[in-house]
Amino acid sequence: MPQGIHVIDLDLGMNTIWEFVSVLENWIPLVPGYISHEIINDRKVNWTFLGDIGIMKKKISLQVDITEWNEPTEVRFTLTGINDNFAGEGYFQAKALDERRTKMTGFLDITAKGLKAPMVNSILKTHVPQLTTDLAEAIAKRMKEAA
């Protein structure tokens, strides 16, 4: 299963991180290759981005369903392909190191299904870890700027 995890220590309190991550529109546009998103409701959003799949770039649309809001420590979500056969999940977790420092963990798992799955998944195994790192670092940077 193609997955990535990235951990960042931030000089921000947990509540600051929660205030940012709990608003979908704050972090969804930070996905590498972001094109657009449509909020369906407070737990569902359709997300379109330009994905790098090996030697080609492809427009990918995913439905993101928030499965858990565990204030102030965790947001969990599932991913379902809209235009391609993808499935996955992810989360953001925060753990207080002290009053002003927090460890944030971002996790992403995306798996292709169908006939081309073995080829696409072998490519995703190298790209998903970098996507996870890039997204977590972009979120950290934006939170620092907003603080």
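Let me start with Thr78, which is found in strand 5; strands here are DSSP runs of E with at least two residues, helices are runs of H or I with at least four residues, and both are numbered from the N terminus. This is a predicted model, in which local features need pLDDT of at least 70, side-chain atom pairs count only at pLDDT 80 or more, and totals for chains, interfaces and linings use all residues. Residues are numbered from 1 along each chain as its sequence is written, and side-chain values use heavy atoms, with hydrogens and water left out.

Back to Thr78. Its relative accessibility is 28%, so Thr78 counts as partly exposed. On the cut-offs, buried means under 20% relative accessible area, exposed means over 50%, and partly exposed is in between, with a 1.4 Å probe and protein chains only. Leaving aside neighbours within four places in sequence, Thr78 is in contact with Gln63, Val64, Asp65, Thr67, Gly88 and Glu89, where contact means heavy atoms within 4.5 Å. Thr78 and Gly4 are 74 residues apart along the chain, and their C-alpha atoms are separated by 15 Å.

Next, the loop between strand 4 (56-70) and strand 5 (74-81), which is the place of Pro72. Glu71 and Pro72 are joined by a cis peptide bond, with omega about 0°. For background, most peptide bonds are trans.

In strand 4 we find Lys58. Lys58 counts as partly exposed because its relative accessibility is 26%.

Strand 6 (residues 86-98) holds Asp98. Asp98 has 39% relative accessibility and therefore counts as partly exposed. Asp98 and Met56 are 42 residues apart in sequence and 44 Å apart in space, C-alpha to C-alpha.

Now strand 1 (residues 3-10), where His6 sits. Is His6 buried or exposed? The relative accessible area of His6 is 15%, so His6 is buried.

On to the helices. Helix 1 (residues 14-21) packs against helix 3 at an angle of about 110°, and the axes are 10 Å apart. That angle is why helix 1 is roughly perpendicular to helix 3. Axes are lines fitted to C-alpha atoms, for helices over the stretch in contact, and angles run from 0 to 180 degrees between N-to-C directions. Under 35 degrees is roughly parallel, over 145 roughly antiparallel, 65 to 115 roughly perpendicular, and the rest oblique.

Which residues meet there? Ile17, Phe20 and Val21 in helix 1 meet Ile139, Arg142 and Met143 in helix 3. By class, this contact of helix 1 with helix 3 has 5 nonpolar, no polar and 1 charged residues.

Last, the largest nonpolar core. Of its 40 residues, Val21, Trp27, Ile139 and Met143 touch the most other members. Helix 3 (residues 117-146) gives the most to this core, with 10 residues. The core is a set of buried Ala, Val, Leu, Ile, Met, Phe, Trp, Tyr and Cys residues joined through side-chain atoms within 4.5 Å. Not counting residues up to four places away in sequence, Val21 touches Trp27, Trp69, Val75, Phe92, Ile139 and Met143.

How values were computed. Nonpolar A, V, L, I, M, F, W, Y, C, P; charged D, E, K, R; others polar.
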